[in-house]
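Please read the following with the model open. The text moves from the division into domains to a stretch of sheet and then to one helix.

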Amino acid sequence: MADDTKIRGVGVLGCGLMGSGIAQVCAQAGYRTVVREVDQARVEGGLGRIEQFLENGVARKKLTAEARDSTMGRLSGSTSVDALADCDLIIEAIVENVDAKRAVFSEVEAVVGPDTVFCSNTSSVCITELAAATRRPDKFAGLHFFSPVPIMNLVEVIRGLTTTDDTYRRVFDFAGSLGKQPVTAPDRPGFIVNRLLIPYLLSAVKAFESGCGTLEDMDTAMTLGCGHPMGPFTLLDFVGLDTTYYIANIMFEEFRDAAYAPPPLLKRMVLAGRLGRKSGHGFYQY
Ligand code: 3HC
């Protein structure tokens, strides 16, 4: 008899930076993976990013040309949710907007089977709220990856109030099958990593504003003094100032704790369009 709980096909909603990384690691782990984007240019852009990463991996001798080809062979992209009909697991990685996420889950729900598990890669939206908007709140969990997804080994697995033990175990095991280390995180804004990381990044901005040091010196201090791969301002530019500001506001809203209050400089940089690497200008120029 076929194992109904086995995950064979994965659907990834959104093929931006996070979505393409997630699709890549799923396909590399042997899952048939379909990405869905809103237009063909984004489908091609996302698949192209994956191909480029794999190509670089071959050049760095991190993977073989055969592994690159078989990974690409397991990947496909579409602008239609119909392409996700056979997927056993859906991972949503679209914009951090509750209404947009609810809308896309509702579209997918119309085409997938009743046992398909839904996950969101959100870093800030309440998992229980997203689950409640579907007809399968018991088969819904959070699955939060870190950027750059193919390199960072952690995945946070979040259990909403309605997630069953069975769903949670399947999602946790799935994360492990990607070669990642899963950890259990609570359905509270920031989960574990951002709960600790966001106050750190915000306090770096506050310290800079109050004359603690130059950007370069503060980055060097944390890189060499604490062994971090990047200093706080390089990391802020890497994550995106808008993303950091957005997450901080959600955390402040929920916890009402000054540690999560975005400093005035961060807000003004976002308003000025200085979003970090993606806009070519953040704390540093690119
Ligand atoms: N294929 C395979 N492997 C590759 C690769 C490729 N195309 N490109 C790079 N790699 C491997 C490299 O070979 C190397 O592996 P090794 O250590 O075994 O030799 C490793 O990846 C690092 O690559 P690089 O040497 O090119 O790059 P750096 O050493 O400069 O590291 C970095 C880059 C991994 C981004 C590092 O600076 C880092 O870890 N920064 C911190 C990132 C971070 O904190 N991310 C989390 C952000 S928070 C988040 O995402 C949550 C959200 O909700 C906000």
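The paragraphs below take these parts in turn.

This is a predicted model, in which local features need pLDDT of at least 70, side-chain atom pairs count only at pLDDT 80 or more, and totals for chains, interfaces and linings use all residues. Residues are numbered from 1 along each chain as its sequence is written, and side-chain values use heavy atoms, with hydrogens and water left out.

The domain assignment gives domain 1 (3–185) and domain 2 (194–279); such bounds come from an automatic or database domain assignment. The C-alpha centres of the two domains are 28 Å apart. Seven residues from domain 1 and five residues from domain 2 make the contact, where contact means heavy atoms within 4.5 Å. Between them the domains bury about 500 Å², with 57% of this area coming from carbon and sulfur atoms. Buried area here is the accessible area (1.4 Å probe) that two parts lose on being put together, summed over both. On the domain 1 side, Glu96, Ser123 and Ser124 lose the most area to domain 2, together 63% of what that side buries.

Next comes the sheet around strand 5. Helices (H or I, at least four residues) and strands (E, at least two) are DSSP runs, numbered from the N terminus. In a regular strand the side chains alternate between the two faces of the sheet. Strand 5 (residues 117–120) is covered on both faces, with Val117 and Cys119 buried on one side and Phe118 and Ser120 buried on the other. Buried means under 20% relative accessible area, with a 1.4 Å probe and protein chains only.

Two strands pair if DSSP finds at least two bridges between them. Strand 4 (residues 89–92) pairs with strand 5 in the parallel sense over four bridges, and Ile91 has Cys119 as its bridge partner in strand 5. The chain passes from strand 4 through helix 4 (residues 98–109) to strand 5 in a right-handed β-α-β crossover. Right-handed means that, with the strands pointing away from the viewer, the path from the first strand over the helix to the second runs clockwise.

Strand 5 also runs parallel to strand 6 (residues 140–145), joined by three bridges. Cys119 has Ala141 as its bridge partner in strand 6. Helix 5 (residues 127–132) carries the chain from strand 5 to strand 6, and this β-α-β crossover is right-handed.

Just after helix 7, Gly211 has a positive phi of about 85°.

Definitions and conventions: Buried < 20%, exposed > 50% of the residue type's maximum accessible area, 1.4 Å probe, protein only.
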